[in-house]
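Hi,

Here is the structure I promised to pass on.

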Amino acid sequence: MSDKAAPLEAQGIDLIRLDVGRPIHDTPSHIKEAAIAALRAGKVHYSEMQGESALRAALASKLTQFNRMAVTPGDILIINGLTHGSFAAIMTLLDAGDEAILLDPHYPQHVGKIEIAGARAVMVPLDAADGFSIRADWIEAAITPKTRVIVLVNPANPTGRPYGLRELEAVAEVAIRHDLAVISDEVYEFVIYEPGRHISIAALPGMAERTVSLFAFTKAYAMDGWRLGYAVAPPAIMQGMIKIATNEVTHVNSFIQYGALEAVSNGQAAMEAMIEDDRRKRDLMVMRLNQMPGVHCPAPDATIYAFPDIRATGKTSQELADLLLFEAHVVVEAGSFYGATGEGHLRLCFGSETYERIDQAMTRISHLLNRI
């Protein structure tokens with residue numbers, strides 16, 4: 001969709017971008033200033049290979065308190081964004097001919113990494129009729145002698161669902177019984193709107209020793225361009241991830257790690273303000289979508305995405321996404337981009353534009369849907 005939008009933008013057409021999963025907010029100034037201060041203080045040389053020790057110590061405290069994971073700084077690897085961490089985890093855990101289970105709708109980037117490793121991604125559908133909840137028995141039915149890994153995105157992109165304790169306990173039971181590793185992508189851990197805390201599967205009994213947990217500063221602190229995150233893994237897996245990461249990039253840029261240290265130490269208030277702004281935009285988008293013909297959109301409990309059901313319009317996901325781009329000048333993504341279970345849905349990012357632009361986009365979409 002971004003490629004299709006580019007020629008229209010080059011013509012000067014005003015496109016409202018609800019396709020790219022990035023925050024509209026600027027990185028809070030005190031986080032930027034911390035990175036600038038580190039640069040001026042001479043933090044310009046090689047870092048520790050796993051990342052600056054002060055940052056890893058602060059993250060160990062955060063992980064213990066918020067995620068309820070018993071970790072030490074030695075269990076943490078600072079990574080160039082969650083994408084880098086998932087690559088290192090997949091390259092460590094999968095060999096040619098292996099299989100990894102993904103929940104569908106799925107995050108497509110994980111598929112590419114699995115295929116680079118020579119392995120195969122096996123899709124297990126989520127239950128659309130039950131709000132895309134996990135069915136552990138469906139996961140178990142997909143397990144073969146080649147299965148090595150279950151990949152989770154929690155809260156989920158694109159559905160906006162944070163997985164509950166019972167769902168995660170059921171996944172954990174399957175993973176333990178079949179001796180599988182779990183890669184848990186938790187980039188939206190803080191972006192949750194309804195009562196109830198985020199649950200990290202690694203905190204459940206028997207899971208710390210088989211789980212790679214991946215986090216980033218991208219969404220919660222509006223630091224997507226910084227390319228900065230962190231991975232938590234047990235020693236046997238961490239050793240492999242460090243081998244992969246140090247041979248790829250040596251280590252993460254030194255001085256930006258001090259911006260991350262400021263974020264994790266003093267960024268809560270700024271983060272909460274940004275999430276509250278996203279909540280307002282979520283509420284507006286969901287209300288407006290549910291007033292449109294052929295559209296049904298439950299409010300997502302987490303992330304920066306709405307995932308409306310558009311089957312009653314009579315259009316496929318891609319057909320409607322193209323109509324919205326070329327006729328309404330609103331860029332969205334087809335649910336089918338996220339797998340077969342995503343067909344009949346669109347993914348709209350309410351985090352990527354201002355409240356006013358979201359309102360304009362909903363008006364444009366409404367006019368198109370009323371016309372067709």
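There are 12 helices and 12 strands in the chain; helices (H or I, at least four residues) and strands (E, at least two) are DSSP runs, numbered from the N terminus. The radius of gyration comes out at 21 Å, close to the 21 Å that the globule rule gives for 372 residues, so the chain is as compact as a globular protein of that length. That radius is taken over C-alpha atoms, and the globule rule is 2.2 Å times the number of residues to the power 0.38.

Before you dig in: this is a predicted model, where local features need pLDDT of at least 70 and side-chain atom pairs count only at pLDDT 80 or more, while totals for chains, interfaces and linings use all residues. Residues are numbered from 1 along each chain as its sequence is written, and side-chain values use heavy atoms, with hydrogens and water left out.

Some overall numbers next. The C-alpha trace spans about 60 × 55 × 40 Å along its principal axes. Of the 372 residues, 57% are buried (under 20% relative accessible area; exposed is over 50% and partly exposed in between, with a 1.4 Å probe and protein chains only). If you take contacts (heavy atoms within 4.5 Å) between residues at least 6 apart in sequence, 74% of them join residues at least 24 apart. The chain exposes about 15100 Å², with carbon and sulfur atoms supplying 53% of that; the areas are from the Shrake-Rupley method with a 1.4 Å probe, and for residues only the protein chains shown count as cover.

On charges, I get 33 positive and 45 negative side chains, and the centres of the two sets lie 1 Å apart. Lys and Arg count as positive and Asp and Glu as negative, leaving out His and the chain ends; each charge is placed at NZ of Lys, CZ of Arg, CG of Asp or CD of Glu.

Most residues other than glycine have a negative phi, and most peptide bonds are trans. The loop between strand E5 (147-153) and helix H7 (165-177) holds Pro155, which is joined to Asn154 by a cis peptide bond with omega about -5 degrees. Pro158 is in the loop between E5 and H7 too, and the bond from Asn157 to Pro158 is cis, with omega near 25 degrees.

As for phi, Phe132 is not a glycine but has a positive value of about 60 degrees. Phe132 sits between strand E4 (120-125) and helix H6 (136-141), in the loop, and is buried at 7% relative accessible area. Ala222 also has a positive phi, near 55 degrees. Ala222 belongs to the loop between strand E7 (211-216) and strand E8 (229-232) and is buried at 4%.

Glu189, in the loop between strand E6 (181-185) and E7, is buried with a relative accessible area of 3%. What does the side chain of Glu189 make a polar contact with? The side chain of Asn67, at 3.0 Å. (A polar contact is a pair of N or O atoms within 3.5 Å; within protein, one must be able to donate a hydrogen and the other to accept it, and residues adjacent in sequence count only if both atoms are side-chain atoms.) Leaving aside neighbours within four places in sequence, the contacts of Glu189 include Pro155, His198 and Tyr230.

Gly351 lies in the loop between strand E12 (346-349) and helix H12 (355-371) and is buried at 1% relative accessibility. Gly351 and Arg17 are 334 residues apart in sequence, yet 10 Å apart in space, C-alpha to C-alpha.

Cheers
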